[in-house]
Every structure is written in C-alpha cells, then in structure tokens.
Amino acid sequence: QQLQFVAFESSISVAFWHRFCKMKLEQLKLSEEPVPIRGLFSIGDADRLPCRLAFEYNAFDTAAVEAELSSRAFAPAGRLLNFNSLDSFKALDKQAFADQLGAELLSSIRSGEALHRPARLLEFSILSYVDLKKYHFYYWLCMPVLAFPPEISPVLLSNARLAESAAVSGGQDLSRFADRVLEFFATSGRCPYFAVRGLDQAGWSSDSVQLISLAEAKQLGLQAQHCTFGYADPSTDSRAAGWPLRNLLVLLAHHWPGEECSVLAYRDRFQSGQRTCSHSRLMRVRVPDAASSAGAAFRCLGWEKSPLPGSGRAVLQPRFVDLSASLSPDRMAESAVDLNLQLMRWRLVPELNLSSLAATRCLLLGAGTLGCNVARLLMGWGVRNITLVDNGQVSYSNPVRQSLFTFADSQHQPGGKLKAEAAAKALIDIFPGVNAQWRCFQIPMPGHAIPRDQEASVGQDVAQLESLVAEHDVVFLLLDSREARWLPTLLAASAGKLAMNAALGFDSYLVMRHGLGPGSRHGCYFCSDVTAPGNSSQDRTLDQQCTVTRPGLAMIAAGLLVELMVSALQHPAGPTVDPDNVDAAADDDRPPMGRVPHQMRGFLSDASQMSPVGHRFDRCSACSDAVLSAYRSGGYRGFLLKVFNDSSHLELVAGLAELHAEAELSVEVLEMDADDDDF
C-alpha cells in the first residue's frame, strides 16, 4: 500500500497578529530579518479535527511557549520572514525558496545532525506581508518535507490500531506504556521522535520496553527490524499519518536503509473522561535504501494549500486575513474569551455547542452575593446576554462578598449605587462584549400587603417582570427570601422557561433546576412545602434580616448552578432531561457534560453533597395546575394582588387549605380511635 499523509493546517490567532503589529512598529520597523517563532501542535485532538499548527500571542517568546506546553503538545521552531511591500512578497521565487530549505534539510539528515537534533525535521517558515493601515495580512506557511523519488518510495505493509496490533495482544498495559512515552517527551526537551526497544518481543510489558533517542539507537547499532521508531502524531485520521512522519522516513532511508521496520504513530487523548493511547497507529513499513536512487533527487514539498471560496477545493496560494474589525481592544477581548471555550471543544468536548450558549438570554433576579458570582461565571461560559434585576443599593458591607462591587460604589450618595446598575456596568468593564442590562424594581411577594395607593405601581412592576421572563431563556432565582422567589417561579412555569434556583444557609446550600414543561414530573422550589410562602420579614432581629452564610458558600453554589444550567442546555434532550435516568446510560452514551441532576444539596460542616430528585406536587403553591390556571385567568387584579395581600388565598387556590383540613380531620380520627382504645 501507498502511505498517506495529512498536512498541517495553519491556525493563526488574532492575538498573534496583534503582537506582531506591535513588534513591527516598535522593534522591527523596516527590517526584513527572519524572526524566530514557535508553532504548536497537539497529539490529543478529537476525531475528525484537522492537524492544526497553531500560532498564539506568545509564539515569539520561546521560553513562554515551552513553559506553557501541556504533556501532549509540541512546539516546533520556525521563522517568520516579513516583507515590507506586497510586491516583494509576491516576487519571491517560492519554489527556489522551498528547494533551499529542502537542501538544508537533506544535508542535515545525511550528515547525521538530524539524528542528534530531530527537531530539525519539523522546522518551518512563514512568509508574510502586513498592511498596518488596513490591518490586512498575507501569509504562506512552508513546512518542508522531502518526497522520495517514485522508484524508491517506502511501502506500507500494515496499519493497525495500537490496541489491536499483534505487538500488544494479550492485554498489555497500554496506560503504563503511555506514561513512559509522555515521560520521554518531558525529559527529552519535548523531542517528538523516539525509538522503542523490546516492543516487538512477545510478552513485553510496559516495564520491559526501553525508550531511547534516535541517536542512541544509531550508536547502539540497532537493526530496524528489532526496533520501533515512534513520533508524536497530530493526525486524527485512522488511514493517514501526520506530516512529521514524512521526514522521519527519509532519515530512516539514510541510516537504516532497505529494511522493514515498525513505526508507531503515537496519539494520546482523553475520551469520555478516560485517557487513552489505544487509537495510536502501529505500522509496518518497508524503507528503501536512499543510496539506490540512481541519481534521482529528493523533491521538496510543503507549501500550505488555501481553500478556494465556493469551489470546495484547495490551491497553492497565500492566505489572506482581514482583521480591520478584529484588532480593536474590545474585539481582542472577545476573541480571547472565545478561544478558552474553543479549546474545550477542540481538545475534550467536540459536541459542545458554544453558539447556543452565547445566544442564551439569562435573567438574574438578585444582584447580591449569588447574583454577582453567577453573572461572572456566565460570562466565562460565553453567555453574551445578561439582565440583572435588584432594587437594593451597594452598602459598605457588600464589596468584600459581592464580587462586582467596589468601595467606591458604596460611597455613592445617597445610600450607594443601585446594585443592578453597578453590577451591569462592572460586567461591561470586565468584558465589553457582553450585553448587560439592568432593571431596578421590587418583586412583590405573598403576604406582603400592598397599600391601595401603590397598587398601580406594583402592577407595573409585575408587568415588567412578566415581560422580562418572556424575553429571556433562563431565569435565575438568586433572591434573599423564600417568598421573593414565588412570583418568578410562577411566571417561569407559566411561560415554559427554565428556572435555576440557589438558596443558602449558614453552611449548607441548595442548587436546583425547576421542572420544565407541562409533562414534567419534577418539582420546583416550592413543591416540598405544604404551606404557602408568607411574610418572613416581620419581627426579625438584625441577624435575621441579613443573609448570614460562610463566605465561600455563595461561590460554590453559584459555580454549581451555572454548571448545572450548561449541562442541561448541552444535553441531547435539552433542559427537559429526566434526572431519574441520568445514570442509566452506558459510559459510551453519557452526555457530553456528564449527568444532569435535578438538585444538589451540600453541607460544608461535614463536606458532603447529595443529589435528590424532588417530584412535582399537585398542590404546589407555585407550579400546580390550579395555581397556574388561576394566574392565567385572574392576572394581577384577579389573583396576584389577592395573594400579595393575604397568602392564605394562595393556600385556598392550591388546595393546601383543603389538605390542612384533611390532616386535622385525620388527627381527630386518630385521637378518637385512641380514646376508644381506653375503653
């Protein structure tokens, strides 16, 4: 069979060009001297992803790149040649340039330098021209590889997954072998090439094999048939090897000519939460003798192809990037935020739908300790649309616990800045790309009587809250009191919106998602109550008026709440996913973000957490059919106002009053039975 290869595709971040523009203006100026840079590729990408050679902001800083490398990443060295005019960029003879690189590479292989410095096999060049006025960038990547003359091409004899190859039959410990390979990469200065002694022996173990450098294999006089040559393979294609193999084969043809050998295309990644290298490819290759080419020359290839818009084809030509709208500080921040999330998708969760998260409209009711933390975490997940509602002002005690406020906010007169306004402004200051809105009004509550002269203004507040719930996708209940959560719970249930709730005790927390949809069997925050929420603020002392919790509790609860929302939205079944069946799926069928519980209850006092499932209560004071029907038919005047003035009306509508009467009757019957027993 003929060997197939997957070429590198350049992936240059906006931050790279931003850094280079600064260097051009402040350091390089009119110099056209080559600039050393480092690329970045990984052997841990998910299936179907291309072989990316990435260039980030720190590509010009070798020490910074090497310091931040993960165990599955490599940073080949290269150079950037920037031209001062577009004409000179176009006029360069690209084939002559590549031929020169190929001649230098072939000389390095023949002299043995590449044996001692295998990184030479992956050196690259980038030609570029930068229009600093228009922020237009032209560039062309050349990753030179030597192509064999047709008459002496290497032959692929077999190609199998490492876990299925004869070399590892018998259930060898691949996990330990993977540790040995990563250890070699770490101790060899991230050298992507190696040799393995003993892998071809029957009954080998991870402890019996020996990983050595190519130079050591040559010095020891190892024969190719008794040695496995390995390389870090960025390819995710089971049929095609990564680009680093091409020059390795040329090196083998010069130093181990005319022999059959094993080649390990080493790949290492996490899949479904488990690390694996079993998808690595173990190939058997017949390597030709480079000396038998009868004068035929090795050709140099390596210029990157560029997609031709609208044709589905790729052609040999430079790439063009227009960043005129992307290099403002605001756009730079947006690009950087998105990159963190893209890395999750590229490396670990290919199914992650980031665009749907970015479009999710979140309504945060409460801009206190929970609200501040939830808002920041939502931005971390790329949520762009956040509305905060609160009627309070920033006090002197708030900034140390509520992460979006500063001491200056509490000094604003009279009484401090409005919390919702200050929080929204802080979000925009942190990340200008967020659409942060705010509203200041009080949420009416059951049992909190409304004076007659305020009924109209309270009705406006109710209408405003109804409108906000209808306009958003997710409603977060982050309020101080239990009764303050009642109206938003009712409105979210009526509008079919996902409600996310967090409540704090001194050292305990509750995080939950309300049941969603008319057929949901799972309850809301009030489904465990047999009484309607009432006025909990009457006759409260100072310690009862303030939320007294351990300082770290709100951050824990906020983090769990946002992660629960993301897990629910990213589940294939959506936010209506049944929490009763989250553990029923096999490991291979588990959803991308893991299980999606109904609620989580944690206790710091004994460092424990449980995930119970609460079922819907048919007499719930917030989400039962009777209450929803009364709200839809009566609205503000006919239903809500009565509940605000007297919470017992809510118990009557929900059927809780009847439940209480039935319970009292049962007690009386039991007492009568007990009296009968006395006789």
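Author: Welcome! Residues are numbered from 1 along each chain as its sequence is written, and side-chain values use heavy atoms, with hydrogens and water left out. As the model is predicted, local features need pLDDT of at least 70 and side-chain atom pairs count only at pLDDT 80 or more, while totals for chains, interfaces and linings use all residues.

Reader: What makes strand 25 and strand 30 edge strands?

Author: The open sheet has 8 strands in the order 25-24-23-26-27-28-29-30, with mixed pairing. Strand 25 (435–439) and strand 30 (608–610) each have a single partner strand, so one side of each lacks a neighbour in the sheet. Strands are DSSP runs of E, at least two residues, numbered from the N terminus.

Reader: How do you know that strand 23 and strand 26 pair?

Author: Two strands pair if DSSP finds at least two bridges between them. Strand 23 (residues 361–365) and strand 26 (residues 474–477) have 4 bridges, in the parallel sense, so they count as paired. L363 stands opposite V475 in strand 26.

Reader: Why is N501 called buried?

Author: Buried means under 20% relative accessible area (1.4 Å probe, protein chains only), with exposed over 50% and partly exposed in between. N501, in strand 27, is at 0%, so it counts as buried.

Reader: What makes the pair N501 and R485 a polar contact?

Author: Their side chains meet at 2.5 Å. The term needs N or O atoms within 3.5 Å; within protein, one must be able to donate a hydrogen and the other to accept it, and residues adjacent in sequence count only if both atoms are side-chain atoms. The N501–R485 pair therefore qualifies.
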